[in-house]
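Please view the sequence and the structure first, then read the notes by topic.

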Amino acid sequence: MNTATPPTPRSVTATAPGKINVQLSVGAHRPDGYHALTTVFLAVALHDTVTATLAATGRTTVTVIGTDAQRVPTDATNLAARAAQLLREHHGTDAGVALHITKRIPVAGGMAGGSADAAATLLACNALWNTRATPAQLHALATELGSDVPFALLGQAALGRGRGEILTDLPVTGPLHWVLAVAHGELATPAAYAEHDRLHTLRPADAHPSPQPPADPALLAALKTGDATALGAALVNDLQPAALSLHPALAATLHTGRTAGALGSIVSGSGPTCAFLAADAHTAKSVARALATSKAVRRVRTVSGPAPGAHITTR
Ligand code: ATP
């Protein structure tokens, strides 16, 4: 029997999916400044990849290629670099790493691309440095990095509570066929929440949102059985009015997709990407063609969901 320790890899590549929030219900402000959220995440087959390569002690470098690469920071603020640093601190290593990110998930599009890169980096560096963090430890580090990072590790579909990081797996039947319309410009998540709060103070009836909104049973049932018609009708995003207020052109985009045959439409997360659910792959293609003619749309993608969470592809 060969008992030798396997050779340490020089390079590890991991991939992680983008997400659509098929339900995003925003509750009350919490004492820590976050909003209480109830959200239903669905991971979709649009992945970023991160290759982590051994580098000089203590050093982290970031290079980025692919979709919108020029809009991604390459300094210590990159969420992937922060993930590597956090793993280092928690596991007492000063190992170096060169992170090479290939972006496919739209940047600042409400699909948690930065969070996907952080999740992929945690897995890749854990294998590269042999730090042996357990899945529970990786989940805890992911939670420290951001509300959407734990779901990028998990993938498939999940109910998110708290600020989105307390996850419960959800049964889901796929494939569900989606069309993504990437809008011009970006929408920072804090700006979307600030606008959401501003709109709510204008409507006193909404001034006392529930501490933790409920998940919609009809939406959960539709996800479980893969009933695209019922899911399309149940899509809900409490941040959508804020996104439309800040990006009025999104209203026309949502209308275009619905007119072209989508079963449901929604602004993804804090926006400005819009997501359209189609009955099948063929309808998704015609919805995509209609959206591609809109001047308000920068790029169109068809994707399916659910998709697996972050995983290592090469070492
Ligand atoms: P959020 O998770 O806040 O909803 P998002 O999904 O809308 O964000 P991201 O693509 O994650 O959007 O990027 C948000 C911002 O984070 C970008 O404008 C960018 O400056 C910064 N950022 C840091 N690291 C990354 C990364 N690895 N990929 C993309 N953006 C990053």
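Helices (H or I, at least four residues) and strands (E, at least two) are DSSP runs, numbered from the N terminus. The model is predicted, so local features need pLDDT of at least 70 and side-chain atom pairs count only at pLDDT 80 or more, while totals for chains, interfaces and linings use all residues. Residues are numbered from 1 along each chain as its sequence is written, and side-chain values use heavy atoms, with hydrogens and water left out.

**Overall form**

- The chain has ten helices and twelve strands.
- Along the principal axes, the C-alpha atoms fill a box of roughly 60 × 45 × 40 Å.
- The radius of gyration of the chain is 20 Å, which agrees with the value near 20 Å for a compact globule of 315 residues; the radius is taken over C-alpha atoms, and the globule rule is 2.2 Å times the number of residues to the power 0.38.

**Surroundings of the ligand**

- Around the ligand are 21 residues, of which Gly 110, Ala 112, Gly 114, Asp 117 and Thr 189 come nearest; a residue is near if one of its heavy atoms lies within 4 Å of the molecule.
- The shell holds eight nonpolar, nine polar and four charged residues, where Ala, Val, Leu, Ile, Met, Phe, Trp, Tyr, Cys and Pro count as nonpolar, Asp, Glu, Lys and Arg as charged, and the others, Gly among them, as polar.
- Helix H2 (residues 113-128) gives the most to this shell, with four residues.

- A nitrogen atom of the ligand is 3.0 Å from an N or O atom in the side chain of Lys 103, a polar contact being a pair of N or O atoms within 3.5 Å.

**Backbone features**

- Ala 112 lies in the loop between strand E4 (96-103) and H2, and its phi is near 60 degrees, a positive value in a residue other than glycine.
- Most residues other than glycine have a negative phi, and most peptide bonds are trans.
- A cis peptide bond with omega of about 5 degrees joins Gly 271 and Pro 272; Pro 272 is in the loop between strands E9 (264-267) and E10 (274-278).
- The peptide bond from Gly 305 to Pro 306 is cis, with omega near 5 degrees, and Pro 306 is in the loop between strands E11 (297-305) and E12 (311-314).

Technical notes: Polar contact = N/O pair within 3.5 Å; in protein donor to acceptor, adjacent residues only side chain to side chain.
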